[in-house]
Amino acid sequence: FGPHHFDAVMASNALWGHIGSCVAAVLAGIVAYFMYPDIKYCFLVIAASALSAVMFVHFLPEGDRLMGRGFKGKQALDEFGHIEKLTNEDDNDDQVAVEKQQLHNDETPQASSYWEVISDKRCFLLCITGFFFHFANANVLLVLGELMGGDNGDDGAPSQAAIPLIAGAIVLAQVTMAAATWVGDRLTHTGVGRKPLFLAGIVTLPIRCALIIYWKDAGNAFLLSTQILDGLGGGFFGLIHPYLVADQTFGTGRFNLVMGLTASTFGLGATLSNFLGQNVVEIYGHVASLTASLILSFVPVVVFGCFMPETLGDRDAQTHLVHKNGGETRETLYVEMS
C-alpha cells in the first residue's frame with residue numbers, strides 16, 4: 001500500500017483486529033465457564049481463530065514488495081482494492097518519462113544502513129516510550145482480574161464466578177479499542193497530528209492505575225469500568241505506532257526493521273511487567289504492584305511528550321505531478337483488480 005493509503009489501510013486492519021479479539025474473548029469465556037474446572041479448553045478457541053486466519057492469508061492481494069519495505073514504488077493498492085499507479089502513462093510528458101526511466105534503472109534500490117535508521121532519535125524515543133508503557137501496563141490486567149476474581153481455587157485457577165468478569169474486562173477493552181481506532185482514524189483524516197493522539201493513549205495508564213487503587217474495594221463494576229481507559233490507551237497506541245514508524249522510515253527500505261525493533265521492545269516490556277509485577281503481588285500485595293505501575297506509567301508520558309517531535313508530514317509521499325497550463329495537478333490513476 002502506498003503512502004497515500006497506508007494510514008487508512010492500517011486503521012481498517014486494526015479495527016477488524018479488535019473486533020476479532022472481542023469475538024474470540026467472548027467465545028473463550030463461554031467455553032471456560034461451561035467447561036469449568038477444565039478451563040484449559042478455552043485455548044482451543046484461540047487455536048481455531050489462528051487456523052482461520054491462516055486459511056484466509058492466501059486471499060490477500062500482493063502489492064509492490066519494495067513498497068512493502070518502505071521504498072518508493074511504481075504502483076500501490078488503496079483501501080478500496082484498486083491499483084494506484086504512481087507514475088503517469090503519458091509518454092508525451094517529459095517529466096514522467098524521466099521518472100519512469102529512473103524507476104526502471106533502480107529495480108533494487110539501496111536501503112539505508114541499519115545504524116542510520118536505528119540511531120534516528122525518533123526511533124530511540126519510540127522504543128523507550130513503548131517499553132515503559134508496556135512495562136507499566138501489562139501487569140495491570142492480571143492484577144485487575146485477581147481483584148475481581150476474589151479467592152482462587154486450590155490449583156490457583158480463578159473461580160467460576162470470576163470467569164465472566166475476566167472475559168468482560170477483555171471484551172470491554174477491545175470494544176473501546178475498536179471505537180478509539182475509528183475515532184483516531186477520523187481525527188487523522190482531519191489533520192490531527194500523531195503526537196496528541198499518541199499522548200492521549202499513554203496518558204490513560206496513570207489515570208487507570210490510580211482509579212484501580214482507589215476503587216479496589218468499591219466493587220467489581222467500578223473495577224471493570226477502568227477497562228475503558230485500557231481500551232482508549234491500547235486503541236490509540238496500536239493505531240499510531242505504525243503511523244510513526246512509516247513517517248520515520250518511508251523511502252529508507254527499513255520499515256519492517258523498525259516495526260520489528262519497536263514491537264520487540266514493547267514485548268520485552270510486557271514480559272518483564274508480567275514477571276516482575278506478579279512477584280511484587282506475591283511478596284507485597286496488589287496495591288504495591290499497582291503503585292509501581294502507576295509510578296512507571298509517567299515515564300512514557302514525559303519521554304514522548306517532552307522529546308518526541310511531531311512526525312505528521314515527514315513521510316515523503318511520491319505523488320506524480322502533471323504539469324498543465326503552467327500549474328501542477330495531482331493525478332492518480334486507478335484500475336480495477338481482476
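Tutor: Seven salt bridges are counted here, a salt bridge being a side-chain nitrogen of Lys or Arg within 4 Å of a carboxyl oxygen of Asp or Glu. The model is predicted, so local features need pLDDT of at least 70, side-chain atom pairs count only at pLDDT 80 or more, and totals for chains, interfaces and linings use all residues. Residues are numbered from 1 along each chain as its sequence is written, and side-chain values use heavy atoms, with hydrogens and water left out.

Student: What makes Arg-194 and Asp-7 a salt bridge?

Tutor: Their closest N and O atoms are 3.1 Å apart, and the limit is 4 Å. Arg-194 lies in helix H8 and Asp-7 in helix H1, so the pair ties together parts 187 residues apart in sequence; helices here are DSSP runs (H or I) of at least four residues, numbered from the N terminus.

Student: Why is Arg-194 called buried?

Tutor: Buried means under 20% relative accessible area, exposed over 50%, and partly exposed in between (1.4 Å probe, protein chains only). Arg-194 has 3%, so the residue counts as buried. Asp-7, at 12%, is therefore buried as well.

Student: Why is Lys-40 called exposed?

Tutor: Lys-40 has a relative accessible area of 51%, and the cut-off is over 50%. Its salt-bridge partner is Asp-38, with the closest N and O atoms 3.6 Å apart. Asp-38 has 33%, so this residue counts as partly exposed.

Student: How do you know that Asp-185 is buried?

Tutor: The relative accessible area of Asp-185 is 9%, so the residue falls under the 20% limit. Arg-186, which meets Asp-185 in a salt bridge (3.0 Å, N to O), is partly exposed at 35%.

Note on methods: Helices (H or I, at least four residues) and strands (E, at least two) are DSSP runs, numbered from the N terminus.
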